[in-house]
Amino acid sequence: MVWMGSAGMDEVDGIFIGSGHNALVAANYLARAGARVLVLEAQESIGGGLCTAEITLPLFQHNLHVFFVRWSPNYRIWRDLELDRYGMKILTPEAQNAIPFQDGGGLVTFHSLERSLEVIRRVNPKDADTYARIHAEFSELSARVLDPLRFSPPLPEEALMERLERSPLGRRLLRWWRPSALDVVRELFVHEAVRALVLCNVAVRGYLPVLDVPGTGYIVVHALLVSHTGSLIQGGSAMAARALAAALYAHGGRILTRAPVERILVENGRATGVVLQDGRRLRTRRFVCSSLPSPITLGRLVEPSHLDPSLREALAGYRWNEEALFGVHLALTAPPCYRGTNPDDPLNCALNHFVGYESSQDLEHCMRQIRKREWPEPPRLHIGIPTRFDPTQAPPGCATAFAWQFVPTGPQAVARRGDDTSAEAYAWRILERWTDYVPDLPDRILAFAVHTPMDTEQWIPRMVWGDRHHGSYHPENFWARRPHPALSHYGTPIEGLYLCGSETFPGGSFTGQPGYNAATVIAEDLGYSPWWKPRRAEEILAELEREEGTAR
Ligand SMILES: Cc1cc2nc3c(=O)[nH]c(=O)nc-3n(C[C@H](O)[C@H](O)[C@H](O)COP(=O)(O)OP(=O)(O)OC[C@H]3O[C@@H](n4cnc5c(N)ncnc54)[C@H](O)[C@@H]3O)c2cc1C
């Protein structure tokens, strides 16, 4: 057990529950604004989903959760927190996405748009023209509307829609927002492999179960663009957690690990501290901010008497994601090659490989299987070979790889496939499937380890059923309704108790945006002066409307 000395945190202004990246981001912003903050982590290591571990053989580093990221030295949070000073480094492969075809060849897109268009032109010239046009359109919508909005606490959805209607750019965005992702992609592109490639990038962001649901179209705008800017963190994802933690220490924040919070203290309607599992009580002067999902934070860590019965009821019916990732992590003697290719073929050198997704129907089929709670057959895989770009993650000459498969999750699904024997059998199916495309795979395997959704929950307590986004994406909680309309502003009905995890707007993945927005709200509520430049959604939208006025 670790006890804090006097240079630790005897009296703090704010306590963060969990050391996932969102809590670390929020803690960093507030520490620099002058708050004395303490981050409490249940596990021995920090970072939540930013985790790199030797789960196969010694020296083979596996990124069990976050692998591909969209951060760069120009990313707002990176710049604000000066993460390059704290060791954060990324690698951006030139080949970004590969769809190998079962009968040989495949489709690859690149960091360079021009190079991607050349490839698309070879499969369908009309799609290449559309892709070029839509990339330009989406770049403008993203830079001017979507990205700024994601970095600001959300407006209620009805208000947002009404405000978007008032400007030409807003109306252009709504054109893509309202339909389903599947409809948008099918309307835009003709060639099935091009459709599959874009849809895979939507699905990996957690939207597979809702691909055909109206209102998911705006994810295509985001996914198509960031599918050219994927990166990985040098040294493994855990290095990003180290950089965020180092930045926090440099600004007076502190982190305590093996410190699971069991209860949040509420006195006179205000959050005043926490009780750890070992009975220690830690007090805070101003706030508690939890990165755990609200059914845990409010439903389990807070006495029920502090909550309105209707909110308690809503939390009891909280919808966890019905899909999770089943992973097979491999230690290899060398990276495998697709049939008939040499090691330098772009197909082998892509950041993300999508195997078995050759058409939009393949994605639709997988979506329907998940909804029926069936384990996909045949497996369709998302593959990464991190050592192609970062050889330090394995012994010299060797390689690591992983294959992720979308599977149904939740009590019934896990009961069917959660035991070790059936997990191993399914892992073999996954390897067989990949071998159909890379015949040299079996000869290269030194060892493999299976990481089921339940393993995810064990590594990251409170990632319930392996739900990587801390709650499903479904029409009742898209955009500003995350996680629940009553909690969409990072605050809770308990004074001084805030939320900052992936369940809050704009959702999961390694973006840090929930943490950034929570820090903005806490700073405003509690009078810390924000040294960063948060913008209100109203301001961003008003600027678009003024432009309309000027144009008239
Ligand atoms: C298999 C898998 C693959 C993924 N791949 C990617 C990817 O390639 N790219 C990407 O961007 N995202 C990916 N994700 C999603 C990403 O991991 C999450 O979106 C991200 O980790 C969420 O961050 P967070 O800060 O909100 O919370 P988390 O990372 O969930 O962190 C929460 C923290 O709270 C701690 N905790 C829990 N209970 C307590 C308690 N009682 N007291 C104290 N601490 C507690 C946990 O141990 C954890 O450290 C993946 C997730 C999974 C599961």
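The residues of the shell around the ligand divide into 16 nonpolar, 18 polar and three charged. This is a predicted model, so please keep that in mind throughout. There are 37 residues around the ligand, and G18, G20, G48, G49 and R468 come nearest. Helix 1 and strand 13, residues 323–332, are the elements that give two or more residues to this shell. The largest share, three residues, comes from helix 1.

Next, strand 1. Strand 1 covers residues 12–17, and five of its six residues are buried, which leaves the strand mostly covered. Strand 1 pairs with strand 2, residues 37–40, in the parallel sense over four bridges. With strand 12, residues 281–290, strand 1 also pairs in the parallel sense, over five bridges. F16 shows both pairings: in strand 2, V39 stands opposite F16, and in strand 12, C289 stands opposite F16.

Seven strands form it, in the order 7-6-14-15-16-13-17, and the pairing is mixed. Which strands stand at the edges? They are strand 7, residues 106–110, and strand 17, residues 445–451; each has a single partner strand, so one side of each is left without a neighbour in the sheet. From one strand to the next, the twist averages 20 degrees. Inside the order, strand 6, residues 95–100, pairs with strand 14, residues 352–355, in the parallel sense over two bridges. There, N97 has N352 in strand 14 as its bridge partner. Helix 8, residues 192–207, lies across strands 6, 7, 14 and 15, and runs at about 120 degrees to strand 6.

On to helix 10. It has 13 residues, 238–250, and at 1.5 Å a residue it should span 18 Å; the end C-alpha atoms are 18 Å apart, so the two values agree. The buried residues of helix 10 are A238, A240, A241, A243, L244, A245, A247 and L248. What do these buried residues pack against? They pack against helix 1 (21–32), strand 3 (52–53), helix 2 (76–81), strand 8 (232–233) and strand 9 (254–256). Just after helix 10, G252 takes a positive phi of about 90 degrees.

Two residues other than glycine also have a positive phi. One is L59, with phi near 80 degrees, in the loop between strand 3 and strand 4. L59 is partly exposed, because 14 other C-beta atoms lie within 10 Å. The other is R258, with phi of about 50 degrees, in the loop between strand 9 and strand 10. R258 has 15 C-beta neighbours inside 10 Å, so it counts as partly exposed as well.

Then the cis peptide bonds. The bond from R482 to P483 is cis, with omega near -15 degrees; P483 is in the loop between helix 17 and strand 18. The bond from F505 to P506 is cis too, with omega near 0 degrees, and P506 lies in the loop between strand 18 and helix 18.

Last, A519, which is in helix 18, residues 513–526. Is A519 buried or exposed? It is buried, because 30 other C-beta atoms lie within 10 Å. Leaving out residues up to four places away in sequence, A519 touches A26, Y29 and L30. From A519 to T56 the separation is 463 residues in sequence and 38 Å in space, C-alpha to C-alpha.

How values were computed:
Residues numbered from 1 in each chain as written. Predicted model: local features only at pLDDT ≥ 70, side-chain atom pairs only at ≥ 80, totals over all residues. Expected span 1.5 Å × (residues − 1). Buried ≥ 20, exposed ≤ 12 C-beta atoms within 10 Å, placed from the backbone. Contact = placed C-beta atoms within 7 Å. Pairing = 2+ DSSP bridges. Axes fitted to C-alpha atoms, helices over the stretch in contact; angles between N-to-C directions. Near = placed C-beta within 6 Å. Nonpolar A, V, L, I, M, F, W, Y, C, P; charged D, E, K, R; others polar.
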